[in-house]
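Student: I would like to go through this model with you, taking one loop and then some of the helices in turn.

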Amino acid sequence: MNAAQAKNLSVFFSKGKEVTWALCGINFVLPLGGSLALIGESGSGKTTLLRALLGLVAPSEGEALLFDTDLSSAEAAKRRSVRRRCGYIAQDPYGSLPPTLSVEDAVAEVWQLVHGSTEEAKEKATSLLEELNIEREMFKSSLRNGLSGGQRQRVAIARALVLEPELLLADEPTSMQDASTRWDVLEVLKRRIKRGMALLFVTHDLLLAKVITERGLVLFQGNPCEEGPSKAIIENPMHPYTEALASALPRLGKPLKAAVRRRGAPKKEGGCPFLPFCPKSFDKCVTSPPFEDISLGRKVACWHFL
């Protein structure tokens, strides 16, 4: 059984005659105990992919599976039992936390709703909050005020981990952390991966993907560009979009670059999605490249390699 899987998954949203494709033909397999980064800029479909897996968005085509179950069509009892095996860290800790609870109660509540033990819930909450470097004097603070964005995010991470999930779906879980606390959060996640937890990690940061995950899947405007070992993708990017993301990473002595710049007209129907931005395009790029294996463990959707 796999922790998560997408089979030719596509999602589109329509408004009148206008259709927006959020995901186009996504395929991946995340085994139990594995780790996969979904990499791309804002608007690349990463959050939509997580929502489709959780059954919050229905696939327009294909399947989105958690533990071999399509939650968008499953019965309510089955949805609850599958979701209970998962932890979910939403991108916005301000909107995903109960504002009337204290820090400690917000984490303990999750355990108590499932297991019913108030004392054990408090112990679990205390242990996790300390592991995530939330100071004890903050435990009784209300989530409505008094916490920074980074602290709220770590409380959200504690809520997602308190039931010791088999799979964690993490949407930009370190976006509000400074350098030191970001590393603390990654260490907490790495320890759980070593204990067998699967991780689906959404990020726009290639370096984070390299540190925390075994494999990466690069998305551009909902389309798969490149997949392979995270270290190989970052150190030896193949798709021009991945190269652009890598070139935008800050380096001492070098000016920052924009990840992509539009050149020419938007792509024609069926053409390569990256065509308007690609500095390496040629005549064949007006047709859409397949997403295929080019070497052991590496896939890319680019005519230069096919």
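Student: In which loop is the place of Gln-221?

Tutor: Since this is a predicted model, local features are read here only where pLDDT is at least 70. Phi of Gln-221 is near 50°, a positive value in a residue other than glycine, and at 39% relative accessibility the residue counts as partly exposed. Its place is in the loop between β8 (215-220) and β9 (223-229).

Student: Does Glu-164 count as buried or exposed?

Tutor: Most residues other than glycine have a negative phi. Glu-164, however, has a positive phi, near 55°, and it lies in the loop between α6 and β6. Exposed means over 50% relative accessible area, and because Glu-164 has 56% relative accessibility, it counts as exposed.

Student: Within what arc do the buried residues of α7 fall, seen down its axis?

Tutor: Helix α7 covers residues 179-194 and reaches 23 Å from its first C-alpha to its last, close to the 22 Å expected at 1.5 Å a residue. The buried residues of α7 are Thr-181, Val-185, Leu-186, Val-188, Leu-189, Arg-192 and Ile-193. They line one face of the helix, because seen down the axis of α7 they fall within an arc of 155°.

Student: Which residues are exposed on the other side of α7?

Tutor: The buried residues of α7 are covered by elements that include β3 (35-39), α5 (118-131) and β7 (198-203). On the other side of α7, the exposed residues are Ala-179 and Lys-194.

Student: At roughly what angle do the axes of α6 and α7 cross?

Tutor: Two packed helices are described by the angle between their axes and the distance between the axes. For α6 and α7 the axes come within 12 Å and cross at roughly 5°, which makes α6 roughly parallel to α7. The contact is made by Arg-154, Ile-157 and Leu-161 of α6, with residues of α7 including Val-185 and Leu-189. The crossing angle is therefore roughly 5°.

Student: Is the crossing in which α4 passes α6 right-handed or left-handed?

Tutor: The axes of helix α4 (residues 103-115) and α6 come within 8 Å and cross at roughly 20°, which makes α4 roughly parallel to α6. Val-103, Ala-106, Val-107, Glu-109 and Val-110 in α4 meet Val-155, Ala-158 and Arg-159 in α6. The crossing in which α4 passes α6 is right-handed.

Notes:
Residues are numbered from 1 along each chain as its sequence is written. This is a predicted model: local features need pLDDT of at least 70, side-chain atom pairs count only at pLDDT 80 or more; totals for chains, interfaces and linings use all residues. Side-chain values use heavy atoms; hydrogens and water are left out. Helices (H or I, at least four residues) and strands (E, at least two) are DSSP runs, numbered from the N terminus. The expected span of a helix is 1.5 Å times one less than its number of residues. Buried means under 20% relative accessible area, exposed over 50%, partly exposed in between (1.4 Å probe, protein chains only). The arc is that of the directions from the helix axis to the C-beta atoms. Contact means heavy atoms within 4.5 Å. Axes are lines fitted to C-alpha atoms, for helices over the stretch in contact, and angles run from 0 to 180 degrees between N-to-C directions. Angles under 35 degrees count as roughly parallel, over 145 as roughly antiparallel, 65 to 115 as roughly perpendicular and the rest as oblique. A crossing is left-handed if the near helix is turned anticlockwise from the far one by less than a right angle, and right-handed if clockwise.
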